[in-house]
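Please have the structure open while reading these notes. They are numbered so that each can be checked on its own.

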Amino acid sequence: MSDTSLTPLEHELAELIIDTLELEDVSVDDIDPDEPLFGDGLGLDSIDALELGLALQKRYGIKLDSDAEENQTHFASLRHLAALVEARRAS
Amino acid sequence: MTAMTEQHFLSAPWQWASHLPQVATSGACQRDHADFCRDVARWQHAPLERGQDAILVDPDPWSFTCALLACWHRGVRVILPNDGQPDTLAALAGDGARLIGAQGWTPPPDAFVGPPVWGALSAEAVAIDIFTSGSSGTPQRLTKTFRQLAHETCAFSNAFPLAYGVVVSQVSLHHIYGLSAALLRALTEGLPFSLTPCRFPEDVHHYLHATSVAALVSSPAQLERLPEALDANDRPPQQVFSSGAPLSQDAAVRARRQLGCTITEIYGSSETGAIAWRDRTVASHWQPFDDTDVRADGELLCLRSPRLATSDWVTHADRVRFIDARRFELLGRADRIVKVGGKRISLEALERTLAQQPNVVKAHCVQPRSANDRIAAIVQLTPQAVPHTGTERKALIQALREGLQDAFETIALPRYFRFVEHWPVNAQGKLTRATIMRLFQDLENRDVPRWLGCTEAPDDICHITYEIPEHLRALEGHFPGLPIVPGIALVHWAMQEAKTRWPDTLTTGALERLKFPTPVRPGMRITLTLEHAPARLAFTIRSQCGQHASGRLRLKETAHD
């Protein structure tokens, strides 16, 4: 079993996702950092991806490429997303 | 029977005692033509300037009728608002009109007055300003001339003749349907109307047993909730009408069995007036009234009738399929195709699929925020399926989304769900835009709980259902790891709700006997019960876990302040 406790950044991102996408029944504790954000896991869709992209840009100054395939990797899970933010923020 | 005509209506036959000896009755209490003349004359003393319009709000059928006719026969145009909310009235009064009726000017009870003035009614003069129910957007203001009202009334008289008896209205007389199908029809045909408001089944029961009911003018909201004990087969009404929303076949069959009478559904709108009718237990298609021409304009219904503001053809927003030259089936509103993220989605298709899911009674999908934005669903569940905790709610949403997944793209799946036990319609049987906004208000405002409807009982008691959103602001800091709703927030909600419901009640008195036996947690479904007694307002908050809060407010008496 994977470790489901969140790092501070993951926690912050989980809050950002919930706030941005207005997921009314999801609390931070409900997001498994290794579960897919899209499709089966959290059930997010392509509009969510766009909105989340905008929110990341606003909060962290990160610009996501319009390359859908690459984005799919970034948005694969909360853990992946945190790794992306960590990397791009540092650069 | 001779056909009712526009001329007969315009001659105002109600001014003659020989035509209308008994004007209204409740069985025990009667109003005869002398009472009618006296009260119309009293209302004619309303302090209105020449050319000034009257805004009339009065829930009492007798006062409403006397005030309305008093204005008409003085040449005063009458504005009939949808509700008596202070904001609504203030906006209308701002245009220079004067409020009369329960919340405005009323005649002094013992005023001695002469006979009323029965000024002529002119066919093309505006009789009333009314407002659409707001089920398909913000309420629109419409005017109706005496000619239109005459034909509205004649349509019912000619299609569904009545022998002598009382016309009982369960619907508001402030709307075109109740006004014409019940009140104006009774006055024009010389039949007494129901003296008291009849919203509840108890009232209908009373009239069925205390009087001979000619017509019961009702709505799906009421016909779907007839108590099992109600049985009118020994004294059935001659006609029962239903309008405002479609009546389900089940409800039609049940109501017919209990009332011992065919239920005639009327299809129409505030804009068009009555268009067509059907008996749901016989057929699902609609038959237009004899004076109405219909045809298809593409897939939309096109009609021409003397009830329209124009003599031209008018295209309606409802989609139709004709089964022959006259009869048609309704397919839903054209404006129910929406876009989400640029993709076209049929809200009706979503609703149909949702309604096929286990434990779903009925569903209505909307875009509560803006065009192109997320879809939300209002879902009525069977009582045992109603979620009482956040966990149950999540599981239910997951199941519903899975049930939709095969037929719809992820983007089309409702993001927000509101689960209700009772379909949240108003007294006219409409799910209004205002109610929809209220159901989704917590999306915009994190200070409010998720409102899920209000059931009213007579005797000043009401029950309001809420859910506690995970992101309620009041949960912040109370307490990390174990969030609970602070008692002060619960009391605040109760007081806010009381203020909306009874605006005249001062909710600033002393709170007493406050108790908070068990905490309210996020995700919980709770019910607030408010009970308004003359000197106090009691509230209780309960859930499946028991009682969470109770208390009462000692009301200040305004007179002693």
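1. Start with one residue pair: in strand 23 of chain B, Phe417(B) stands opposite Ala377(B). Strands here are DSSP runs of E with at least two residues, helices are runs of H or I with at least four, and both are numbered from the N terminus.

2. This is a predicted model, in which local features need pLDDT of at least 70, side-chain atom pairs count only at pLDDT 80 or more, and totals for chains, interfaces and linings use all residues. Residues are numbered from 1 along each chain as its sequence is written, while chains are lettered from A and ligands numbered from 1 in the order in which they are written.

3. In which sense do strand 22 and strand 23 of chain B pair? Strand 22 (residues 376-381) pairs with strand 23 in the parallel sense, over five bridges. Two strands count as paired if DSSP finds at least two bridges between them.

4. These strands belong to an open sheet of three strands in chain B, with the order 21-22-23 and mixed pairing. Strand 21 (360-366) and strand 23 (416-420) of chain B are the edge strands, each pairing on one side only. From one strand to the next, the twist averages 20 degrees.

5. Helix 10 (residues 347-355) of chain B packs on this sheet and touches strand 21 and strand 22 of chain B. The direction of helix 10 makes about 160 degrees with that of strand 21 of chain B. Contact between two residues requires C-beta atoms, placed from the backbone, within 7 Å. Axes are lines fitted to C-alpha atoms, for helices over the stretch in contact, and angles run from 0 to 180 degrees between N-to-C directions.

6. Chain B also has an open sheet of four strands in the order 15-16-17-18, with antiparallel pairing. Its edge strands, each pairing on one side only, are strand 15 (293-297) and strand 18 (328-333) of chain B. Neighbouring strands of this sheet are turned by 50 degrees against each other on average, direction ignored.

7. Strand 17 (residues 314-322) and strand 18 of chain B pair in the antiparallel sense over five bridges. What is the bridge partner of Val320(B) in strand 18 of chain B? The partner is Leu330(B).

8. On confidence, the mean pLDDT of chain B is 90, and 96% of its residues reach 70 or more. pLDDT is the predictor's confidence in each residue, from 0 to 100. The model scores ipTM 0.73 and pTM 0.67.
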